[in-house]
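Here is a short briefing on one protein chain.

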Amino acid sequence: MAESVKVLQLGEREYAAEVHESNQTTEHRVLLTQDLLDALDMPEPDEQRFVAESVKYLLQRTPITALPHDIDLEGIQSEDLEFLPEMRARMTG
């Protein structure tokens, strides 16, 4: 499953993510919060990279066509206990 995730900042902590996988393309609106960035516990993380890695994380668990249009990463953090530790590892690796 080789995917490509392109991220564009729309506003403060609001991003558009375009996901290409095989012959499919989907578009998503991804929201971050300062609380989530604080929980990441990293000095000034690259938000665009964090969004891209978060979408890739979700694609490992969900088919591209099942990803919601609006993705609230704080909601993902609340529902998935593996999310934040995995994001820390990806952002430092």
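β1 and β2 form a hairpin, with two residues between them. In the turn, Arg13 has a positive phi of about 55°. This model is predicted.

**The hairpin**
- Strand β1 covers residues 3–11, and strand β2 covers residues 14–21.
- The two strands pair in the antiparallel sense, over eight bridges.
- Strands of a sheet pair through backbone hydrogen bonds, either parallel or antiparallel.
- Val5 stands opposite Val19 in β2.
- Lys6 stands opposite Glu18 in β2.
- In a regular strand, side chains alternate between the two faces of the sheet.

**The sheet**
- Four strands make up an open sheet, in the order β1-β2-β3-β4.
- The pairing in this sheet is mixed.
- β1 and β4 (70–72) stand at the edges, and each has a single partner strand, so one side of each is left without a neighbour in the sheet.
- From one strand to the next, the twist averages 30°.
- Helix α2 (residues 47–59) packs on the sheet.
- Helix α2 touches β1, β2, β3 (24–31) and β4.
- The direction of α2 makes about 135° with that of β1.

**Helix α4**
- Which residues are buried in helix α4 (residues 83–92)? They are Phe83, Leu84, Met87, Arg90 and Met91.
- Seen down the axis of α4, the buried residues fall within an arc of 125°, so they line one face of the helix.
- What covers the buried residues of α4? The cover includes α1 (34–40), α2 and α3 (73–79).

Terms used:
Residues numbered from 1 in each chain as written. Predicted model: local features only at pLDDT ≥ 70, side-chain atom pairs only at ≥ 80, totals over all residues. Heavy atoms only, no water. Pairing = 2+ DSSP bridges. Axes fitted to C-alpha atoms, helices over the stretch in contact; angles between N-to-C directions. Contact = heavy atoms within 4.5 Å. Buried < 20%, exposed > 50% of the residue type's maximum accessible area, 1.4 Å probe, protein only. Arc of directions from axis to C-beta.
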